[in-house]
Amino acid sequence: MGLTEDDPGRSVLSQLVDSVKAIAELPECRNVFRKMYGNFVRRVKLLSPLFEELRDSDKELGEEEVEAFESLGEALHSAMELIKSVNQGSKLYQALERDKVIAKFHQMTVKIEAALSKIPYGNFDMSEEVCEQIELVHAQFKRAKEKMDSLDSQLEMDLVIAVRDKDPDTAIIKRLSEKLHLRTINDLKQESLAFHELVIASGGDLGDQFEQMQALFKKLNDYVVTENPEIDSSERDKGTIKHRSPVIPDDFRCPISLELMKDPVIVSTGQTYERSCIQKWLDAGHKTCPKTQQTLLHTAITPNYVLKSLIALWCESNGVELPKKQGNKSKKPGCSVSDCDRASIDSLLEKLAKGSSDEQRAAAGELRLLAKRNADNRVCIADAGAIPLLVELLSSPDPRTQEHAVTALLNLSINESNKGAIVIAGAIPDIVEVLKNGSMEARENAAATLFSLSVVDENKVQIGAAGAIPALIKLLCEGTPRGKKDAATAIFNLSIYQGNKARAVRAGIVTPLMRLLKDAGSGMVDEALAILAILASHHEGKVAIAQAEAIPVLVEVIRTGFPRNRENAAAVLWSLCTGDLEQLKLARELGAEEALQELSENGTDRAKRKAGNVLELLQQIEDPASP
C-alpha cells in the first residue's frame, strides 16, 4: 500500500523534495563564493531523485528511517539559510569575512554528510541509476568534509593586496571588480545599500572591517568610473547631451527637502536624510520617521559614509559642484575635521550627557568610529569635551555602551595630549573596573587602553596601584587570542616599573606565562618570554621563575627558537643562574653549554652577550680554581 498524505514518511520526503527544489531555484551567486556555492547547490540537486522515488513508491518508512530523513531535512534547512545569506548583503563584507564564511560552508557540509550517513539505503528498493547517483553525491560530501574549501589563490592574494596597499595595481582592482560582480555604477549603488543595512544591523560598529570596506569601495569606485567601459546609460548620456542638467538620482535626494544631500545620516528605521533636515524634524519633537511614519526606536543619527562617497563620486562624474557643508566657522585653529563638524560633535556630546540610554549608546558608538578614523577627529572630539562624558559612561549598566565608551577612549588615547586628559578625568580606576567586570570585548579594549596610557611613565605607577595587573593576568588566561596579546603587552609595559614587577609576581603571573611558553600553538611564546625576561631582573620574579622549573624550557628555546625568543630565553637563564649553583648545574646537565655556544656565535648582539655571560658561569663551576 502506498504512502498516505498524513503518513510521516511521505510528509518528510515531500519536505525534502521541496527543500531541494528551493535550493536549486536560488539565484546564481554573484560574489567571491560563486564556485563554493555552485558546488554545494549541484550536490544537493543530485539528492532529488532519491526523495522523489521514495515518495512515489509503495514503501512505508519505519521510525528509524523517518528520523534519518528528518535529520537531513534539518541540515538542508540550515544550509538554505546559510547560502541565502551568502548570496545577499554586502559583497565586500562577505569577501573580508571570507574565512568565517568558508568555515560555515564546511560545518554545513559536515552536518549534511553526517545526516546522509544515517540513512539506511539498504532498506530501500531503489533503481540502479538512483543508487549510483546517491553513492556519487555521498562520496562528494565525504571528500568535501575532509578538506575545508578555499578561494582561489589569485583572488585571495588580490584581496590581501587591495586592502593592504594604498594604491594597488589596476589589474588587481579589475580582477576584484569582476570576481565581486561590482562592474557598474548600478552594481556599486546596490553594494552601497547593502553596506547601509549592514551598518544599521551592527549598530554602527563593524570594527576594523568598516575602514577596510570603505577603502576597498573607493578603489572599486575609482576603477569603475575611470577604466570600465560598461558605464550605465545615464553616464553615457552626459557625454552626448551636454546642455542638459544631470538628473539627481532619487537615492541622493533628501526625502524631506528633495535636495541633493551633502551630509547624509541614517535614523533608526534605516532611512537616510540630510542631517540638518532630520535634526530640525527631531528638534521639533517628532518621534517618527518622516518617510515611513514608523516610530523611531531612538533619535540618534549615524553618518552614512558610503552614500556620502557615492554622492561625491556622482558630482565629480557629472560636473556638479560638490555640496559644501555649513556651520564649520566655529572650528578651532588647527582643528580640521574631515568626517564631522563641531556642531555634529556637540550634538553627540549632548546625547552623551542628557540622552536616553539608547541615544547614549548610539552617540558613544559614533564617537568611537569617528575617533578611530583620523587624527583630526581625535583632536576635535577631545577639544569639544568628550573625554569626561565618556569616562562617566564607563560605569554604564548597558554593556554595549560601556564597550563603546572604553573603545572611544582607546582611540582618543592614540593622540599623545589626550592621554593626559584621560588620566586627569579620573579614567584609570573606571577602566580597571571595566577590565575586571565588563564584556569580553570591553575587557580587551580596556587592556589596550591601559597599555596606551602606560606609555607615559608616571601612568605606570597609577595603573598598577589601581589593581589592573591581577585583572590583566586573568584576561591573559581566558581572553581571545587578541585579548591575550592586549593583556600581555599591557603587563609588559607596566612591568618596566619596578614596583609593578612585584605586583605581577605576587598576583601569580609566572604560572600562566610558563603555560603559554610550553604551548607553541598558543601564539604567545614571544610575549611570555619577553615578560619573563623583564620579571627575572626582580628578586621575587627570579625566585618564582626558578620554582616553576623553567630551565628545561629555556634551554629548548635557546636550542630551537626564533632569534628574539632565543635572546630573551638566554637573558632569563642568565638571571636564574647568577648566584644559584643548583640552577647552573641543571642547565649544564640539560646540554645548555652547546646551545649557548652556538648562540654566542650566531645570535643577536644582546643574545651573544647573555650567552657569553652564562658560558662564563658554566666555566667557573667546571674550573672552581679559576680567578
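Which residues do ring pairs link into a cluster? Hi everyone, the answer is Phe51, Phe69 and Phe124.

Before the details, a word on the source. This is a predicted model, where local features need pLDDT of at least 70, side-chain atom pairs count only at pLDDT 80 or more, and totals for chains, interfaces and linings use all residues. Residues are numbered from 1 along each chain as its sequence is written, and side-chain values use heavy atoms, with hydrogens and water left out.

Searching the whole structure turns up three aromatic pairs. Here, rings of Phe, Tyr and Trp (its six-membered ring) pair if their centres lie within 6.5 Å; planes under 30 degrees apart are stacked, over 60 edge-to-face, and the rest tilted.

Let's take Phe40 and Phe141: they pair edge-to-face, 6.3 Å centre to centre, with 85 degrees between the planes. Phe40 belongs to helix H2 (residues 34-45) and Phe141 to helix H7 (residues 128-146), so this pair ties together parts 101 residues apart in sequence. Helices are DSSP runs of H or I, at least four residues, numbered from the N terminus. Both Phe40 and Phe141 are buried, meaning under 20% relative accessible area with a 1.4 Å probe, protein chains only.

Phe141 has another neighbour to show you: the charged end of Arg43 sits over its ring, 5.9 Å from the centre. For that, CZ of Arg (or NZ of Lys) must be within 6 Å of the ring centre and within 35 degrees of the ring normal.

Why is the pair of Phe51 and Phe69 edge-to-face? Because the planes of Phe51 and Phe69 are at 85 degrees, with ring centres 6.2 Å apart. Phe51 is buried at 0% relative accessible area, and Phe69 is also buried, at 0%.

Methods: Helices (H or I, at least four residues) and strands (E, at least two) are DSSP runs, numbered from the N terminus. Buried means under 20% relative accessible area, exposed over 50%, partly exposed in between (1.4 Å probe, protein chains only).
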